[in-house]
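Here are a few notes to read alongside the coordinates. I have kept them to points you can check in your own viewer.

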Amino acid sequence: MTQHRRSFSRYGWALAVPTVGALLLTTACSGESSESVDGANGFSLTYATSNNLESPYERLARVYMEENPDVSIELAPQPNDRYGETLRTQLQAGNAPDVVQTAPGTGQAQGIVPLAEAGFLEPLDDAAAELIPAGNESLFYTEDELYGQPVDLTVSGFVYNTSAADAAGLDEFPDATAELLDLCETLANDGTSAIALAGAAPPNTGMTAMSVSATRVYAETPDWNQQRADGAVTFADSEGWQETLETIVELNETGCFQDGAEGGGFDAITNGLAQGTSLGAFIPSGAASELQSAAPDQNFAIEAFPPPEGGDPYILASSNYSLSINAASERKEAAQEFLDWVAEPEQAQLFADISGVLPVTGVADVDLSDTRYAPVGELIQSESYTALPNSTWPNQSVYDELSTGVQGLLTGQSTVDQVLTAMDDAWEN
Amino acid sequence: MTVTTQGRRASEGGRAQRPQNTGGRSSSPRARPSRARPLVGYGRWWWALPGLLLVLGIQYTATSVGGFFAFTNWSGIGSFEWIGLENFREIFQDPEKVRALGNTLLLAFGSVLLTNVFGLMLALALNRGLRTRYALRVVFFMPVVLSPLAVSYVWKFIFDFNGPLNQLLAAGGLQELQRPWLADPNLAIWAVLGVIVWQQTGIAMVIYLAGLAAVPVEIEEAAAIDGASHWQRFLAVTVPSIRPAIAIATTLGLVNGLRIFDQIMALTAGGPAGATENLATEVYKEAFSLGRFGYGAALALLLTVLILVCAMLQQYATRDRSKES
């Protein structure tokens with residue numbers, strides 16, 4: 001027995017050694033990802049991706065490496081729907097890549113402001129400062145330090161299938177909401193919807209409400225969010241916000257949305273617009289180029305959602321994506337050089353060409369008349385736009401209340417007052 | 001029963017009886033007591049140490065730290081403050097969270113009840129006699145081995161407004177019944193429950209089939225000869241014999257039912273407007289989507305306590321009462 005026990009112990013240690021080794025190896029593998037980047041000029045870059053098309057970040061990295069053969073960039077694409085949470089976890093754990101895609105403001109998990117306030121981001125140099133749109137400084141700065149470099153100008157308007165509109169015999173896009181409602185009734189009788197809505201997808205219901213709010217709230221009071229932050233106004237008492245949500249209810253009751261819109265997902269939008277069974281949808285302008293790829297026989301334009309009778313057209317346009325440097329990075333210099341290169345106009349145009357958005361710099365000098373941005377070209381060049389409202393809301397819960405509240409309006413679970421009151425409560429929390 | 005009692009007696013008298021149990025070879029006073037040790041005592045206690053440390057470190061320490069954050073306002077990054085019971089106060093004052101708690105209980109008890117009733121019915125039907133029973137068992141068990149996410153996405157397609165269910169209704173001339181099933185606030189939670197029951201019934205069936213295999217045929221036959229009806233035999237012979245299977249099936253079903261997550265996220269993502277949220281989806285939403293880690297941890301702690309209490313009550317309710325007598 002003793003002999004048996006001794007041999008058992010010996011074999012046990014033989015088993016234990018590789019086990020401990022495997023654990024150590026696992027621990028080593030979970031260390032800082034940038035350590036695997038070759039060379040002193042190498043660095044890692046993470047960004048969100050939602051399809052298998054070439055990401056603009058990937059193209060930028062590839063071109064940069066071609067121009068700088070001594071630099072190697074390790075790409076770390078991550079699924080779009082979990083990007084914010086993953087980035088936060090990596091930053092918290094200290095193993096985030098050197099350059100990270102962020103979002104201006106506070107409204108998202110990868111928002112620049114909360115990440116900078118938590119000490120996870122490195123201040124950037126002056127090259128990025130020149131790209132910040134006037135009036136949007138609060139989305140990128142914290143305590144006079146700049147933490148994010150914008151890479152795009154995205155119009156969050158109404159992507160409109162002009163081919164389907166032509167087929168339906170429509171000459172012009174409606175100038176006022178009343179005209180749109182008339183159009184909805186006509187189209188509904190023909191089995192077509194004016195608007196495809198992903199009612200079960202909170203990002204789309206929220207985007208719809210914010211796009212409508214551009215003409216009801218922000219056209220007259222561009223600094224409404226600041227007034228709300230100062231406590232001078234509330235959602236529940238705002239006529240503009242009440243009118244915004246009432247407009248959505250009216251659109252629903254008039255049959256502007258496709259049948260079963262309250263349960264629709266993003267496939268309802270892509271299928272509806274690609275097949276021409278819906279004329280338009282509230283989606284970011286960059287999605288129009290993806291739709292164009294999916295439906296080459298259709299043509300798409302970016303329209304401004306029609307204002308109320310007597311109102312002025314106004315749109316949402318802002319930088320929705322930015323790049324930042326991880327404060328824990330050991331390759332900050334190489335990362336900053338890359339960001340300086342990205343800030344140059346050629347790279348801004350390259351990013352815009354691939355992603356279908358507008359370039360972050362020099363848009364005032366760009367001729368948009370022959371592009372899908374032609375209908376909103378004048379608004380862009382006259383700066384009749386504001387940033388996405390939720391980018392300066394204090395937390396993500398406010399937007400969550402808006403987006404789920406809109407679905408509640410469609411299903412009859414909520415009233416306009418209930419939704420707006422819930423948004424105020426979320427703001428205070 | 002007899003075996004259990006004997007085992008307990010042997011266990012209770014273990015040390016005192018050991019010298020006698022060593023048989024002829026232990027007649028020598030120098031015989032080592034270690035010879036009589038069970039196999040588990042063969043090695044050293046510290047062989048269990050790595051496993052214990054891993055369980056303590058990964059499971060219990062992490063859970064305890066998560067429990068600590070339930071009393072803070074941590075956002076998931078940066079600093080935090082100790083706020084005592086404020087998160088719990090907010091949970092019980094928020095109608096949406098109270099509704100999520102109600103949905104949690106509805107899905108848990110609803111799925112336990114329905115999967116066990118259907119599972120037992122299937123097991124009884126496929127226990128003996130039917131020639132195709134083996135093939136049918138495979139058919140009914142197959143949904144269990146599929147991914148809950150995959151199953152839920154298939155059902156989401158079926159429930160879609162333009163999906164097969166509504167098309168079937170239209171083909172049958174029942175257009176007035178067409179609706180967005182998963183976006184109807186009155187029906188969505190029942191649709192989720194239906195999918196869960198559809199997938200989980202197979203596991204209950206297998207547990208009951210194992211239990212039914214232990215039902216003595218001669219007792220059933222004796223009862224039949226005595227004139228007992230099918231129902232009387234089921235209540236007086238079958239149910240007492242499969243009590244352990246009932247305990248296992250209901251315990252597993254209840255614990256799984258309380259933490260349903262995948263099916264809700266895939267089918268409705270908690271919608272429409274929160275109508276199908278349960279505590280598990282609220283934990284995820286608050287902690288990771290909305291950046292309120294402390295609040296999410298409080299919800300998770302509440303869910304843990306709920307599972308613990310329900311499991312204890314269920315164990316008490318399905319205990320073997322024959323031992324007490």
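1. Domain bounds, as used here, come from an automatic or database domain assignment. Please keep in mind as you read that this is a predicted model. For chain A, the assignment gives domain 1 as 12–153 + 319–361 and domain 2 as 155–317 + 387–428. The C-alpha centres of these two domains of chain A are 31 Å apart.

2. How do the two domains of chain A touch? On one side, 14 residues of domain 1 of chain A take part, and they are in contact with 16 residues of domain 2 of chain A. The domain 1 side of that contact holds five nonpolar and nine polar residues, and no charged ones.

3. Next, the contact between the chains. Chain A brings 29 residues to it and chain B brings 19 residues. On the chain A side, helix 1 (2–29), helix 3 (83–93), helix 4 (112–117) and helix 16 (396–411) each supply at least two residues. Which of the helices of chain A gives the most to this side? That is helix 16 of chain A, with eight residues. Sorted by class, the side of chain A that touches chain B has 15 polar, eight nonpolar and six charged residues.

4. Two helix pairs in chain A deserve a look. Two packed helices are described by the angle between their axes and the distance between the axes. For helix 2 (residues 56–67) and helix 14 (residues 345–355) of chain A, the angle is about 140 degrees and the axes are 9 Å apart. Angles over 145 degrees would count as roughly antiparallel, so helix 2 and helix 14 of chain A are oblique to each other. Their crossing is right-handed. From helix 2 of chain A come A:P56, A:R59, A:L60 and A:V63, which meet A:Q347, A:L350, A:F351, A:I354 and A:S355 of helix 14 of chain A. This contact comprises six nonpolar, two polar and one charged residues.

5. The other pair is helix 10 (residues 239–254) and helix 17 (residues 416–428) of chain A, whose axes come within 10 Å and cross at roughly 130 degrees. Helix 10 and helix 17 of chain A are therefore oblique to each other, and the crossing is right-handed. Helix 10 of chain A contributes A:W241, A:Q242, A:L245 and A:E246, while A:V416, A:V419 and A:L420 come from helix 17 of chain A. Five nonpolar residues, one polar and one charged make up this contact.

6. Now some backbone geometry to check. Most residues other than glycine have a negative phi, and most peptide bonds are trans. In chain B, the bond joining B:G271 and B:P272 is cis, with omega about 0 degrees. B:P272 sits in the loop between helix 13 (262–267) and helix 14 (279–289) of chain B. B:A273 is also in the loop between helix 13 and helix 14 of chain B, and has a positive phi of about 50 degrees although it is not a glycine.

7. Is B:A273 buried or exposed? B:A273 has 28 other C-beta atoms within 10 Å, and 20 or more count as buried, so B:A273 is buried. In chain A, A:E143 is not a glycine but has a positive phi of about 50 degrees. A:E143 is placed in the loop between strand 5 (141–142) and strand 6 (145–146) of chain A. A:E143 counts as exposed because it has 8 C-beta neighbours inside 10 Å.

Key
Residues are numbered from 1 along each chain as its sequence is written. Chains are lettered from A and ligands numbered from 1 in the order in which they are written. This is a predicted model: local features need pLDDT of at least 70, side-chain atom pairs count only at pLDDT 80 or more; totals for chains, interfaces and linings use all residues. Two residues are in contact if their C-beta atoms, placed from the backbone, lie within 7 Å. Helices (H or I, at least four residues) and strands (E, at least two) are DSSP runs, numbered from the N terminus. Ala, Val, Leu, Ile, Met, Phe, Trp, Tyr, Cys and Pro count as nonpolar, Asp, Glu, Lys and Arg as charged, and the others, Gly among them, as polar. Axes are lines fitted to C-alpha atoms, for helices over the stretch in contact, and angles run from 0 to 180 degrees between N-to-C directions. Angles under 35 degrees count as roughly parallel, over 145 as roughly antiparallel, 65 to 115 as roughly perpendicular and the rest as oblique. A crossing is left-handed if the near helix is turned anticlockwise from the far one by less than a right angle, and right-handed if clockwise. A residue is buried if 20 or more other C-beta atoms lie within 10 Å of its own, exposed if 12 or fewer, and partly exposed in between; C-beta atoms are placed from the backbone.
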